[in-house]
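The sequence and structure come before the details.

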Amino acid sequence: MEAVDVVIVGAGPAGLATSACLNRLSIPNIVLEREDCYASLWQKRAYDRLKLHLAKEYCELPFMPFPSDAPTFVPRRGFIDYLHSYVSHFRINPRCNTAVESAYHDEESGKWHIKAKKADLNVHEEYVAKFLVVATGENSKGFIPEVSGLDSFGGEFIHSSKYENSQKYKGKAVLVVGCGNSGMEIAYDLSNWGVKTSIVARSPVHVLTTNIVYIGMRLLSYGVPCNIVDFIVVLLSKLQHGDISNYGFPRPTRGPFYIKQRVGRTPTIDVGAVEKIRRKEVQVFPSIRGIQGSKIEFANGEVKQFDAIIFATGYKSTVRHWLKGGQDLFDGSGMPKLCFPNIWKGKNGLYCSGFARRGLFGISVDSQNIAKDIDLALRSERVLIGIPDARVC
């Protein structure tokens, strides 16, 4: 059994940022990661053409800006290189291949007990910590919805986290389910390489461009009210794309930044898919009614045949699979009960980072708040028991 001040579960950007902030304050911490590398979503489960959809100044982790020569919208490879530099600079040492199986707060000792399995060695490990930081985030496990007849589908179906590029789909008919950022970008990528591409638009969506989002973010940073910002960016979107409902994408009644703040749903940032749809190089369908073999029936009654389905249908939290207790912070689905910006702190030394649905910017805010709060708690504890703080001596 290993004792430490802080255990962080998850070595994605949220876990790395929290560890870096703690390291700057000389607070001992251990980062546990179930995958064989840190930032596995970026290193192993992101498609090749992915770029950060927000300008780099909104995607920096605490205390390290991107290099001055980095492009405004950093590509996947560039962001991975940035994370490598971040880990090295702040001397973060994630313990990979270590899957947390349970964590509970012991009322008698006042500490968290964490049990984990070291997959590569097939051994179990135990940790005891004063503080537990859940940094597995909202994108822990790819979600594929229940679809009638999906088990009868004769072709390949995957979650978008398994998609790398379009090469193996050349000459095939592929259906992308979901018109969020991943779905639209994958559809664009497939179409670029001659794949017969279709996409399912399951719900209303705002479609913006990176530049329109950047304008909106800048206006918000200057204190312009959200409703005015939404009016401006929707107007710019209409000027850019016209009425997207004509292409099968109904627009929500509330503005994109309002929706982002209220429910965390990000607007879709177009990388060229709308023009593909306008030219009928990508076909749009409503929700799937059912599947029979290779034939898929849609809500409008149309039936089409496909060779593969890519579900760009989001992710689910896995917190409730291993965290015992913590009902004050997490609901039954493993998402925080509280709203931004007070989303990061629970009771008994329980914290969460990466759940604010505000991307890397939200991670930066959470990780700094968590480190400051833990530092204050440890200082207060030392004062109570009469131990001088070596960090200020």
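This is a predicted model: local features need pLDDT of at least 70, side-chain atom pairs count only at pLDDT 80 or more; totals for chains, interfaces and linings use all residues.

## Domains

The domain assignment divides the protein chain into domain 1, made of two segments (2-140 + 317-385), and domain 2 (143-311). Taken over C-alpha atoms, the centres of domain 1 and domain 2 are 30 Å apart.

## Interface

Contact between the domains involves 16 residues of domain 1 and 23 residues of domain 2. About 1,700 Å² is buried between domain 1 and domain 2, with 55% of that area coming from carbon and sulfur atoms. On the domain 1 side, the residues that lose the most area to domain 2 are Tyr47, Arg49 and His53, which together account for 39% of what that side buries.

One salt bridge is found across the interface of domain 1 and domain 2. Five residue pairs are in polar contact between the two domains, both residues of each pair being at pLDDT 80 or more. The side of domain 1 that touches domain 2 consists of eight charged, seven nonpolar and one polar residue.

## Second largest pocket

The second largest pocket has a volume of about 300 Å³. Its lining has 16 residues; Gln261, Arg262, Leu338, Cys339 and Phe340 are those nearest the pocket centre.

By class, the lining of the second largest pocket contains nine nonpolar, five charged and two polar residues. Domain 1 and domain 2 each supply at least three residues to this lining.

How values were computed. Residues are numbered from 1 along each chain as its sequence is written. Side-chain values use heavy atoms; hydrogens and water are left out. Domain bounds come from an automatic or database domain assignment. Contact means heavy atoms within 4.5 Å. Buried area is the accessible area (1.4 Å probe) that two parts lose on being put together, summed over both. A salt bridge is a side-chain nitrogen of Lys or Arg within 4 Å of a carboxyl oxygen of Asp or Glu. A polar contact is a pair of N or O atoms within 3.5 Å; within protein, one must be able to donate a hydrogen and the other to accept it, and residues adjacent in sequence count only if both atoms are side-chain atoms. Ala, Val, Leu, Ile, Met, Phe, Trp, Tyr, Cys and Pro count as nonpolar, Asp, Glu, Lys and Arg as charged, and the others, Gly among them, as polar. On a 1 Å grid over the protein atoms alone, a cavity is a set of points where a 1.4 Å probe fits but cannot get out, and a pocket is an open set with protein on both sides within 12 Å along at least five of seven lines; lining residues have an atom within 4 Å of a point. Grid points are joined across faces, edges and corners, and a volume is the space filled by probe spheres set on the points.
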